[in-house]
Amino acid sequence: MRYVIIILFFPLLWFSKNCIAGTEVVVYSSEDKIFSEPILQAFEEKTGIKVRAIFDTEETKSTGLMNRLLAEKENPQADVFWSGDPIRPALLKIKGVTASYVSPVASEIPKEYKDEEGHWTGFSARARVILYNTDLVSTSEKPTSLFELIDPKWKNQVAIANPLFGTSAIHMAALFIVLGDGEAKKFLNDLKLNGVKIVSSNGEVKRLVSRGEVKAGITDTDDANVAIRDNYPVKIVFPDNDGIGTLIMPNMVCLIKDSPNQENGRKLIDYLLGSEVEKRLAWEMCAQMPLRYDIKKPAHVLSINAINGMKIDYNTVAKKLEEINGFLKDWTGF
Amino acid sequence: MKSLQVKQLVKIFDKKEIVRGISFDVENGHLLTLLGPSGCGKTTTLRIIAGIEIPDCGEIYIDEKLASRDKKICISQKERNIGMVFQDLALWPHMTVYENIEFGLKTNGIRRDERRKKIEEVLQSINMQKYARAYPQTLSGGQKQLVAIARSIITRPRLLLMDEPLSNIDVKLRQDIRREIKRIQQETNITTLYVTHDQEDAFFLSDRIAVMNEGKVEQIGSPEEIYFSPESLFVAQFVGESNCIEVNIAGINRIVTPWGELSHPTDNHTKGTAKIFFRPHQVKIDQSGCCKGKLVKRDFMGEWYRYHVSSSGVEIVLYDENSYNVGKHVKFSIKEMKLVSF
Amino acid sequence: MQKTVTLWSFLALFFCAAFFPIAWMFGSSLYEGGSFSFVYYHDIFLTGKYAGIILRSLILASVATVFATLMGVPAGFFLAKTDFFLKNFFKVCFFIPLIIPSYTIGIAWTNILGKAGFLNQFLSHYFFLSPQSIYAFIYSIYGAAFILSMNLFPLIMIMTEYALKNIPSPLEESGLVCGTFFQVMKGVTFPLISPVIFSGMMIAFVFSLSEFGVPSLLQLNVLTTQIFTQFSAFYNEKAATALAFPLIIITIVIFLLEQFKTRSKSFEILGRSGSQVFMKYHFAWLRVSGLVFCTVLFLITIILPFCSLLISVEAFKVYRDAFALAKNGIVNSVVFGGIGASILTVVGFFLGYATEKTRWKLKEGISSFVWIFFAVPATVAGIGLIKLWNRPHGAFQFIYGTIGIILIGYIIRFAPLSSRIMANFFRQMPQSIEDAGAVTGASWFRIAGNILAPLQKHGIVATWIISFIFCIGELGATILVYPPGHETLPITLFTVMANSPENIVSALTLLLIGMTLLPVGIFFLISKYVFSQKITP
């Protein structure tokens with residue numbers, strides 16, 4: 001009898017180890033852990049506010065934070081959501097999960113990267129790029145536009161991450177906005193006819209291009225930079241610089257409605273939006289582009305005005321994404 | 001006083017009646033054997049008495065207190081104070097002989113030094129002191145048997161239940177253990193219910209025997225009564241070897257057998273058919289016998305021969321110490337017989 | 001009385017932990033726009049839309065099960081029935097594939113057999129296979145099945161080995177008197193263990209059916225990836241839950257099949273007494289084939305996928321970095337996994353007992369009820385847990401904000417497995433062993449503690465180890481519910497997988513393997529030492 005009781009109640013000892021509220025902030029981060037964790041630690045050191053963080057996997061490896069934020073809506077656990085992409089905060093705004101907060105620090109950030117009502121604010125950005133294998137593709141042959149990829153010479157040689165998820169999905173929605181539905185659908189169907197390989201994630205695109213399984217792929221700057229750092233024979237192209245432009249995807253941060261540590265959450269948001277963080281992310285391996293013009297950055301990181309960014313509003317992209325999801329599901333064959 | 005009373009016990013498994021309304025009782029200090037072929041419900045009865053199974057109908061009284069009744073256990077196993085020896089002995093392989101025996105004492109909250117004294121006593125009485133620290137797997141079949149018995153009697157139970165404890169050991173050892181069981185039972189004077197399909201065990205050990213068949217008690221009586229006066233064809237044929245010959249009743253106390261008419265009590269019947277029943281050793285080959293027959297088969301049984309005799313259209317079995325050749329014509333007499341109209 | 005109360009309270013515990021969150025999910029999937037609705041089930045059952053997907057899921061699971069059986073049964077046979085060089089080494093190594101996340105094995109194989117992979121180049125150079133066809137194979141449903149089977153064959157291997165060791169030698173000896181080795185294997189040995197093999201196949205089947213990592217990597221259109229799409233692309237948890245329903249139905253059917261098959265065969269003769277010996281064969285050709293088979297299996301399932309891992313982490317610094325990254329995860333994993341495995345063993349012990357040793361009329365119903373949860377996708381379980389335990393005003397914060405929620409996740413996911421393993425062990429224990437304790441008047445707790453538990457020590461150790469391995473590897477539910485600071489090593493592994501240097505990821509995988517094997521080994525040694533004082537004189 002005794003030992004049954006002990007076994008039954010043993011776990012309770014662990015339950016009793018409860019958290020101390022007030023001096024902490026809970027952040028859910030879908031920015032890659034290896035980049036975001038040191039920044040959060042720096043915040044902790046600077047302010048003495050304990051940061052309790054949860055990180056996400058790549059979109060296609062687990063259902064992750066987005067579902068968690070939605071499921072926790074009735075009793076939010078997180079104070080701040082640091083999103084690695086610009087659409088999930090916009091979606092959360094639609095679903096009523098976020099609260100409005102206009103950070104004083106964000107005044108230097110261009111207004112196209114901020115929500116009018118203050119539900120989300122962008123900083124350090126990535127871009128959607130074409131990555132190609134230099135062993136298989138010469139500089140003269142390299143694709144400079146997405147639309148070149150429907151050419152028969154790229155048949156079965158292009159990889160793209162499943163457009164239902166993550167930044168790939170954002171890219172599609174942006175194309176639908178810029179090109180109009182008809183054009184965009186035609187482009188995607190042509191791409192499919194040309195034997196585009198749909199893989200599970202941008203990391204997979206990077207892996208396949210790096211190993212020479214395909215000649216080129218559409219992926220994000222951070223994945224592309226990692227491949228370059230790992231000394232694979234790959235190079236980046238910012239597509240359609242003369243045309244529709246390249247998709248810019250800033251990090252975004254938002255305050256969660258009714259969360260337990262609102263005040264600390266605001267402090268963390270102010271910190272993340274500061275120029276220090278932008279600078280740091282520019283110098284990290286992910287080589288993210290600062291949204292401020294005056295940040296000192298390494299040579300290979302382009303400044304945001306050096307690229308012809310697509311003219312889109314992220315709230316519209318989020319709505320568009322919900323609209324075209326059905327088409328994309330059919331398109332991928334899922 | 002009656003240590004155990006079983007009244008109208010019924011047990012159903014999977015819609016099949018395994019025990020079909022049996023009743024019997026055991027006097028204090030006596031040994032009753034449930035004797036019957038396998039599948040007759042005797043083990044189930046035992047398990048109901050032990051409180052392992054719940055009866056579907058009927059009552060069990062232990063020391064004249066109601067123990068189980070109609071799907072209810074009235075006295076828990078602890079209060080029943082029962083010892084039990086299982087067919088496969090069920091010695092716990094992870095405990096030593098000492099620990100095996102000690103378990104029941106611990107359960108009853110006996111102090112350590114007292115436990116030791118009792119265990120040493122019982123081990124001495126079965127002459128196994130030096131095996132106290134051995135594990136059951138290392139013992140011989142007979143030793144395991146003794147440990148199992150010691151384990152069951154260590155708590156001085158009011159009632160000892162034994163479920164075919166001798167079924168897995170060889171003949172010679174069986175006799176020794178049987179004697180040992182009898183000695184222990186008589187010394188301790190524990191009321192015992194013994195289940196077996198072996199009539200030799202039953203005859204040797206029992207004060208009374210209950211013969212069971214298909215979930216019913218066919219007959220209860222002393223070993224002699226069961227052997228010599230079976231009340232049913234089943235008992236007659238299951239217990240020992242027997243001859244059953246059909247006869248006609250010719251009148252008051254007159255019957256017509258294949259060997260002629262003779263005088264025999266007929267229980268007030270005056271006509272019809274009946275059967276006469278006699279054991280093989282109640283038939284003797286003797287030249288003055290009134291029946292004639294021919295030896296058709298001979299089996300050597302060690303101290304005697306077993307003969308099949310074909311006589312007047314029937315075949316009977318008899319035992320004789322002398323050797324005769326098959327084919328010989330002999331005369332024989334039936335010393336004693338019983339008329340039964342089953 | 002004690003027995004009934006204990007067993008029912010464990011059933012109630014399982015019911016609360018597992019049934020409510022899942023029922024919550026399915027309940028809300030039947031509720032749309034404020035009223036009762038079958039809208040999410042309509043497409044699944046009344047249109048042909050999902051027929052192909054369900055069929056593909058079934059093909060994937062069947063083929064993976066067949067592959068796993070072809071690898072696991074011979075491996076188990078050789079390990080149990082003969083002796084050869086390095087046997088114990090193989091025995092330990094064959095645990096490894098069970099530990100590595102299937103996703104990692106998948107990456108390794110797509111590397112090896114991709115067009116640029118060395119095995120692809122080797123095969124296409126020396127055999128009549130085009131690089132394209134090999135590449136197509138590994139990205140096909142059969143390739144996925146092949147990868148999955150490498151993940152799952154150890155399960156079947158362990159069960160086969162255990163069952164073979166439980167066949168009393170007289171059963172085989174009596175066959176050998178009148179027949180050849182092969183006739184005995186075919187006529188006696190394998191028929192005897194076939195229920196166990198079938199059980200193992202069933203577990204492997206359900207695992208591959210509910211597997212997400214590999215189908216996602218290879219972009220296969222099966223039920224699990226569909227569920228994922230509903231969750232992650234459409235944020236539609238109701239549709240996702242509805243899609244889990246076919247999984248559950250298939251699992252129930254499989255379970256009933258197993259019940260039907262094992263009921264007709266008496267398995268109880270196996271392992272009746274603890275002291276018997278089992279038969280080993282010492283033919284030279286058998287030893288050689290054992291060695292050859294195990295070596296080939298070792299090469300295919302461990303060396304090949306690992307060479308890419310091992311090559312990339314020769315530098316010590318990488319391990320130091322990986323360790324620094326994973327320190328918290330390692331400690332958490334061991335602690336949570338250890339507590340989780342202990343709870344699962346206790347729960348499994350009592351649930352297994354309830355489903356195998358009682359005479360309850362509901363017994364079979366209970367065991368199939370428990371089994372259903374085996375098929376519930378981790379994500380559905382995770383979201384269900386959030387919905388149930390994350391209450392407004394933090395009423396259950398002492399569970400939701402702590403390790404408690406992770407442990408409940410483990411119970412939902414793995415209690416069906418642990419109770420099934422324990423039930424298999426209980427099945428082999430004669431009833432009289434327990435009755436012998438009961439007639440002394442011992443309370444059921446005393447019987448459970450002094451007789452059942454010590455006698456089932458092998459079962460308990462096996463259940464603990466397997467539970468531990470699965471707890472440590474759990475990702476799907478844990479990642480949805482873990483409180484900040486409670487991340488486990490697989491979570492670390494998957495969260496850093498994006499954009500970390502490849503060799504860090506490889507080093508983390510190796511750490512995960514080492515970290516799983518180490519506690520398992522220590523536990524094994526401790527239990528062996530503790531038990532050795534009491535067993536075999």
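Is Leu46(C) buried or exposed? Leu46(C) is exposed, at a relative accessible area of 67%, where exposed means over 50%, buried under 20% and partly exposed in between (1.4 Å probe, protein chains only).

This is a predicted model, in which local features need pLDDT of at least 70, side-chain atom pairs count only at pLDDT 80 or more, and totals for chains, interfaces and linings use all residues. Residues are numbered from 1 along each chain as its sequence is written, and chains are lettered from A in the order in which they are written.

**Chain A**

Select chain A, which contains 11 helices and 10 strands; these are DSSP runs (helices H or I, at least four residues; strands E, at least two), numbered from the N terminus. The C-alpha trace spans about 70 × 55 × 40 Å along its principal axes. Of the 334 residues in chain A, 62% are buried.

**Helix 5 of chain B**

Next, select residues 141-153 of chain B, a helix of 13 residues that reaches 19 Å from first to last C-alpha. In this helix, 11 of the 13 residues are buried, among them Gln143(B), Leu146(B) and Arg151(B). The cover includes helix 21 (431-439) of chain C as well as strand 7 (82-85) and helix 3 (97-107) of chain B.

**Helices 2 and 14 of chain C**

Finally, return to Leu46(C), in helix 2 of chain C. Select with it Phe45(C), Phe245(C), Ile249(C), Val253(C) and Leu257(C): together these residues form a nonpolar patch on the surface. Helix 14 (237-263) of chain C supplies the largest share of this patch, four residues.

Definitions and conventions: Heavy atoms only, no water. Patch = residues over 30% accessible without salt bridge, like charges linked within 9 Å, V, L, I, M, F, W, Y side chains within 5 Å. Areas by Shrake-Rupley, 256 points an atom, 1.4 Å probe, with all protein chains shown as cover. Salt bridge = Lys/Arg side-chain N within 4 Å of Asp/Glu carboxyl O. Expected span 1.5 Å × (residues − 1). Contact = heavy atoms within 4.5 Å.
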